[in-house]
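Biologist: Could you take me through the aromatic side chains of this model, and then through the parts around them? Please say how each term is defined as you go.

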Amino acid sequence: MRLRIEVDNKIKENEVIIRCNELNDDVKNIQSLLQEIVSHKKQITFYKGDTEYYLSLEDILFFETEAKGICAHTKDNIYSVKYKLYELEEVLPGYFMRVSKSTILNTNHIYSITRSISSSSKVEFLNTHKQVYVSRYYYKPLKIKLLEKRK
């Protein structure tokens, strides 16, 4: 694999292009790392009442759609955010993953998964009563992501 950087001061916004003859694991890993680096630069503001909070994304267990908007859950609190779930998917680091139509979870905080063949599987987090459900559609990709993290 070759690495080449071209500097062009006429370009207004930086762009990274990866050229490859196949989309293998190495290329996917490079893409994932680059996305994670870019997303760390974006700061998400969390709200509770009239107060703004600047939390680390590491502290977030999951984001969930509720009647009044998107909520971010930590072990002890719930905050609102001014993003839609699809927008969060674009800015969150790679350890976050959509697991249902209404939920994105932090895979670093998964304590257990109780599988249900006929319906959604239940994900539990360490040292909290909070839990989310993984739809059957997202169960296999979640398991693959967790296996990749162990490598």
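Are Phe 46 and Phe 63 buried or exposed?

Modeller: Both Phe 46 and Phe 63 are buried, where buried means under 20% relative accessible area, exposed means over 50%, and partly exposed lies in between (1.4 Å probe, protein chains only). This is a predicted model, in which local features need pLDDT of at least 70 and side-chain atom pairs count only at pLDDT 80 or more, while totals for chains, interfaces and linings use all residues. Residues are numbered from 1 along each chain as its sequence is written, and side-chain values use heavy atoms, leaving out hydrogens and water.

The structure holds seven aromatic pairs; rings of Phe, Tyr and Trp (its six-membered ring) pair if their centres lie within 6.5 Å, and planes under 30 degrees apart count as stacked, over 60 as edge-to-face and the rest as tilted. Phe 46 and Phe 63 make a stacked pair, at 6.5 Å centre to centre and with 20° between the planes. This pair links distant parts of the chain, since Phe 46 belongs to strand β1 (residues 46-48) and Phe 63 to strand β3 (residues 62-66), 17 residues apart; helices (H or I, at least four residues) and strands (E, at least two) are DSSP runs, numbered from the N terminus. Tyr 137 and Tyr 138 form an edge-to-face pair, with 4.9 Å centre to centre and 90° between the planes. Tyr 137 counts as exposed because its relative accessibility is 66%, whereas Tyr 138, at 22%, counts as partly exposed.

Phe 46 and Phe 63 also belong to one aromatic cluster, together with Tyr 53, Tyr 79, Tyr 95 and Phe 96. Over the face of Tyr 79 lies Lys 48, at 5.4 Å from the ring centre, a charge being counted as over a ring if NZ of Lys or CZ of Arg is within 6 Å of the ring centre and within 35 degrees of the ring normal. Lys 82 lies in turn over the face of Tyr 47, at 4.4 Å from that ring centre.

Turning to charged pairs, the count comes to two salt bridges, each a side-chain nitrogen of Lys or Arg within 4 Å of a carboxyl oxygen of Asp or Glu. Glu 89 and Arg 98 meet in one of them, at 3.2 Å from N to O. Arg 98 is buried, because its relative accessible area is 14%, whereas Glu 89 is partly exposed at 40%. Glu 6 and Arg 4 also meet in a salt bridge, at 2.8 Å from N to O, and both Glu 6 and Arg 4 are exposed.

β8 and β9 (residues 121-125) are joined over four bridges in the antiparallel sense, and Ile 110 stands opposite Phe 125 in β9. Also in β9 is Ser 121, which counts as buried because its relative accessibility is 2%. Leaving aside residues up to four places away in sequence, Ser 121 touches several residues, including Ile 113, Val 132 and Tyr 139, where contact means heavy atoms within 4.5 Å.

Conventions: Two strands pair if DSSP finds at least two bridges between them.
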